[in-house]
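Hi everyone, thanks for making time for this. Let me put the structure up on the screen, and then we can walk through a few parts of it together.

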Amino acid sequence: MAAAVLASEVLLMALFSLIQWHHFAYLVVSIALLGFGASGSALVFLAPRIRQHFRGFAVSQACLFAMSLIAGFLLAQRLSFNPEELVWDHRHWLRLGLVILLLTLPFFFAANLIGMALICYRERLPRVYAADLLGAGTGALAIIGLLFLMPAAQALWWVAGLGLAAAAAAWIEGGGRALPALAILLLTLLLAHWLPEEWSEPRVSPYKELSQLLQVPETSIVAQRSSPLGRVSVVQSPRQPIRHAPGLSLAARAGPPPQLGLFANAGGLGAITRFRGDRDELAYLDGMTSALPYHLTKPGRVLVLGAGGGDGVLQAIHHGAGRIDAVEIDPQVVELVREGFAEFSGGIYSRPDVRVTIGDARGYLQQGIGGYDIIQVPPLDSWAGAAGGMHGLNENFLYTGEALRQSIERLAPDGYLALTRWIRLPPRDTPRLFATAIAALESMGVREPGNHLLLVRGLQTSTLLVRNGEVTAEAVERLKAFCRERAFDLAWYPGMTAEEANRVNRLDAPYFYNAVAALLGSGRDEFLRDYKFNLYPATDNRPYYFQFVRWSSLGEILSLRHHGGSALIDTGYLTLLVTLALALTLGFALILLPLLFVRTRESAAPETVSPARVLAYFTALGLGFLLLEIAYLQRFILLLQHPLYAAAVVLASFLVSAGLGSAWAQRHAGRKGARRACAMAVAAIVLLGGAGILLFGPLVEWTGAWPPAARVGLAVLLIGPIGFCMGLPFPLGLAAIRNGPAALTPWAWGINGCASVVSAVLASLLAIHFGFDFVILVAMACYIVAACSFPGKYCLRPGRGKIADTT
């Protein structure tokens, strides 16, 4: 059952990344934990009535999990919910609440089964909890493998079948006949395999780029691939040809040749461009801001980070690059360009002068391969997604100060790092990138970073160049000629004046030059503090480059929501705030109501375990566990060099090691040493967490060139000990209160779940504003609070009804 819960949670994250946007993954985490919290509250009232019928109850709850998982998802995606309208249309708050309610149901039923197992088998409680965590860890790994075999929507039916398998196991264990149960299970799995695709096909938001394009007559999807990384779609549009050329000059005399649209999870428009070997038909690529470095240096060796459909590779080919290294994280994209559309694309990924590496761009930089004349970083998101703030919650380790420093160090002398970004007004994306580049150069000991930087802008994009050496007068003259011929605006070169800016694509004022000059001047700190948006450099500790919202400006922006001001709010950040508000409201309601009930029911029997200590202990554990787990999950993307590997390895390592810790806790459960064992476990968590803060950065640098298997092994070694210790306090606390009122066990279960609901969202919010290290410190503080409020101090002495100190 626990494996099905974790698998369905991962699947819903994948599905909502496709149907809506990536930031809904945080909502799914809270939904799952909210179901567990609601279950704890329900069991406070229901447990005494159903305790004698556990096996029948287990069968019913497992079946309800399977049915509600499918029905809830199908109904939820049919609600017309648009996160961008949350600001001005309160009906979408109600629709979001309905979505949460529908998706909470399967987790509620699964938690009922697991919670009742903890109640009915209290004498074997640590073993039950260990099975819960071990099953969850297994589910987190197994679902990744299943997603390589089938789309997420189809996999959801198989996970529902896993819930029915749990029901069959409970039925057989309870004395039921095995053959009918197994026959029904097999039939269900066969139906899931043969189910028509349209029954489970995700209904993508009409506001995503792919949905918009498919409304054009005669437009169709010609190829589609699915994997744990998401769904990749290739689209053709004969009637209205696709034109993808980010930042193409208005003075350009040639457009792109025929192209196919390339979409990742129905967003992030890219293109596969037709290439027949004639470099002249790629002339349009010279009319983009990203072509600037090819006019300042001879491109002997070029590195393209985030190659996608191959535009960056084609640009390098057009400008005569001698050797091109292309890095792309999604193997499906590489397979489509190299094999599926090899003839259309000209086989660019199979050329002898092009070497393609499948992997994370930052991970490639950490391997230490250098000597590049040009390193190109194209815009890795679509303009629509950037303009809507859809990526505000995405951690991105390619736009941090540490990443830019590594990129500069991989350049040959006088080589150029070129970073192209979409223009957003008021300016925030480009100035923040400039500030991050300044921080990277200063960390390398450069005293005058402005002498190493160049910046140009067009109507839609800007390109920042960082030179491995000071910019020469010849380079400046070439820069001016490049902009003059293509109607681009100068935004910065060493010695530039304000009169030279904002001449072609005119704004009310030279905002970009003014921002750059302020960042390079003596008033940088005041400028960063007073600016309406967050422009502070992104770091590996705070890698939320796309998060620009500042609390000091939020009220002003919200006051303009009916006058176009909502476009200034990052939608991802707004969704996070709404989710936090809902989590707090529902969480506190689920905790306070049972607390009043327990106090009222036990008022005539004061000789009980202190509810206040139970509340403090299990709230602190719920907060601490999730805060620490999510911080590690996000940080380990750097070590494992792939978000997929990080999710699978971190989740599985935490859950399995915590499960082993819970099993080991059986030795101390209910004994006098329980409090001491809890205190020692917390001390170890604090020690290991503090060591991780200090040593993680050097470890990432040291292991950058290690093979993947070695880095996975290191990750398991780093997580295993702290995960083992994190598995101890919860079963020790439950065992300590088992001699108290029967209602305390499900209530503690609910408290822990509700606290986890809040911490899942809170971890992201804290990381955005204060960094991962701060989240880990808060988690350690929560564990210290838990150790100080261990509920085992007061227990009923068997047979006497007197309060005894058993610790």
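Which residues line the largest cavity? They are Leu27, Ser30, Ile31, Leu34, Ile100, Thr579, Leu582, Ala583, Leu586 and Val757. Before I go on, a word on the source: this is a predicted model, where local features need pLDDT of at least 70, side-chain atom pairs count only at pLDDT 80 or more, and totals for chains, interfaces and linings use all residues. Residues are numbered from 1 along each chain as its sequence is written, and side-chain values use heavy atoms, with hydrogens and water left out.

Back to the cavity. By cavity I mean a set of points, on a 1 Å grid over the protein atoms alone, where a 1.4 Å probe fits but cannot get out; lining residues have an atom within 4 Å of a point. Two helices, α2 (24-50) and α21 (571-601), each supply at least two residues of its lining. Helices here are DSSP runs of H or I with at least four residues, strands are runs of E with at least two, and both are numbered from the N terminus.

Next, please find leucine 626, in helix α22 (residues 611-640). Is leucine 626 buried or exposed? Leucine 626 is buried, because its relative accessible area is 11% and buried means under 20% (1.4 Å probe, protein chains only). Leaving aside neighbours within four places in sequence, leucine 626 is in contact with Leu33, Ser756 and Ser759, contact being heavy atoms within 4.5 Å.

Now the sheet. Four strands form an open sheet in the order β1-β2-β3-β4, with antiparallel pairing; two strands pair if DSSP finds at least two bridges between them. β1 (220-227) and β4 (267-273) stand at the edges with a single partner strand each, so one side of each has no neighbour in the sheet. Seven bridges join β1 to the antiparallel strand β2 (residues 230-236), and glutamine 224 has serine 233 in β2 as its bridge partner.

Last, the cysteines. With a disulfide taken as a pair of cysteine sulfur atoms within 2.5 Å, the count is zero. Cysteine 725 counts as buried at 11% relative accessibility, and cysteine 782 counts as buried at 11% too.

Note on methods: Buried means under 20% relative accessible area, exposed over 50%, partly exposed in between (1.4 Å probe, protein chains only). On a 1 Å grid over the protein atoms alone, a cavity is a set of points where a 1.4 Å probe fits but cannot get out, and a pocket is an open set with protein on both sides within 12 Å along at least five of seven lines; lining residues have an atom within 4 Å of a point.
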